[in-house]
Amino acid sequence: MAWIGTLIGVLGTLGGIIVGSYFTDKSRRQQWLVDNKKQEYREVLTALSVAYLTLLEWDDIDLREGKEEQRVWRVVTESFRIIRDRIFIAEEVKREKLLSQWTSATQAFYRRQIEKSEFSKRYDAINDKIVELATALRP
């Protein structure tokens with residue numbers, strides 16, 4: 001009969017290890033997901049910043065043709081691609097309409113439908129929304 005007490009102790013310990021492992025794995029996965037989302041938000045912020053500064057520089061120089069224009073639009077197009085191909089934040093990007101807001105801002109600025117100050121306001125609003133989304137993440 002003493003072996004029953006030992007068996008219960010062993011099974012209890014084993015059960016505790018299994019349950020503890022499950023919760024540890026779940027916690028690690030959640031942290032991994034948060035880390036990946038934050039990395040993708042960083043990548044989007046970097047791409048938008050590079051494109052924004054490139055467009056402002058280009059507007060100051062006022063070179064709207066040739067190789068300089070091609071270089072600028074390669075940078076801007078890259079920012080569109082980076083927004084579109086994020087896997088972990090795709091739902092948030094779609095819900096917040098970040099791509100359409102950025103596309104609208106860049107096209108309006110390029111066509112001179114908006115001034116530099118308005119373009120900056122739109123960029124700041126998108127940037128602020130991305131930072132808000134990234135900093136709200138919790139495992």
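The structure is a predicted model, in which local features need pLDDT of at least 70, side-chain atom pairs count only at pLDDT 80 or more, and totals for chains, interfaces and linings use all residues. Residues are numbered from 1 along each chain as its sequence is written, and side-chain values use heavy atoms, with hydrogens and water left out. Helices (DSSP runs of H or I, at least four residues) are numbered from the N terminus.

A pair of aromatic rings is described by the distance of the centres and the angle of the planes. Rings of Phe, Tyr and Trp (for Trp, its six-membered ring) pair if their centres lie within 6.5 Å, and a pair counts as stacked if the planes are under 30 degrees apart, as edge-to-face if they are over 60 degrees apart, and as tilted otherwise. Nine aromatic pairs are present in the structure. In one of them, tyrosine 52 and phenylalanine 119, the ring centres are 5.4 Å apart and the planes stand at 35 degrees, so the pair is tilted. Because tyrosine 52 belongs to helix 1 and phenylalanine 119 to helix 5, this pair ties together parts that are 67 residues apart in sequence. Both tyrosine 52 and phenylalanine 119 are buried, a term that means under 20% relative accessible area, whereas exposed means over 50% and partly exposed lies in between (1.4 Å probe, protein chains only).

Tyrosine 52 also pairs with tyrosine 123, and here the ring centres are 4.0 Å apart with the planes at 5 degrees, so the pair is stacked. This pair, too, links distant parts of the chain, since tyrosine 52 lies in helix 1 and tyrosine 123 in helix 5, 71 residues apart. With relative accessibility of 11%, tyrosine 52 counts as buried, and tyrosine 123, at 9%, likewise counts as buried. Ring pairs join Tyr52, Trp102, Phe109, Phe119 and Tyr123 into a cluster.

Leucine 53 is also part of helix 1 (residues 2–61), but at 53% relative accessibility leucine 53 counts as exposed. The C-alpha atom of leucine 53 is separated by 9.9 Å from that of serine 120, although the two residues are 67 apart along the chain.

Lysine 97, which is not a glycine, has a positive phi of about 55 degrees; lysine 97 is found in the loop between helix 3 (90–96) and helix 4 (98–110) and, at 53% relative accessibility, counts as exposed. Arginine 112, again a residue other than glycine, has a positive phi near 60 degrees. Arginine 112 lies in the loop between helix 4 and helix 5 (116–135) and is partly exposed, with a relative accessible area of 46%.

Key:
Helices (H or I, at least four residues) and strands (E, at least two) are DSSP runs, numbered from the N terminus.
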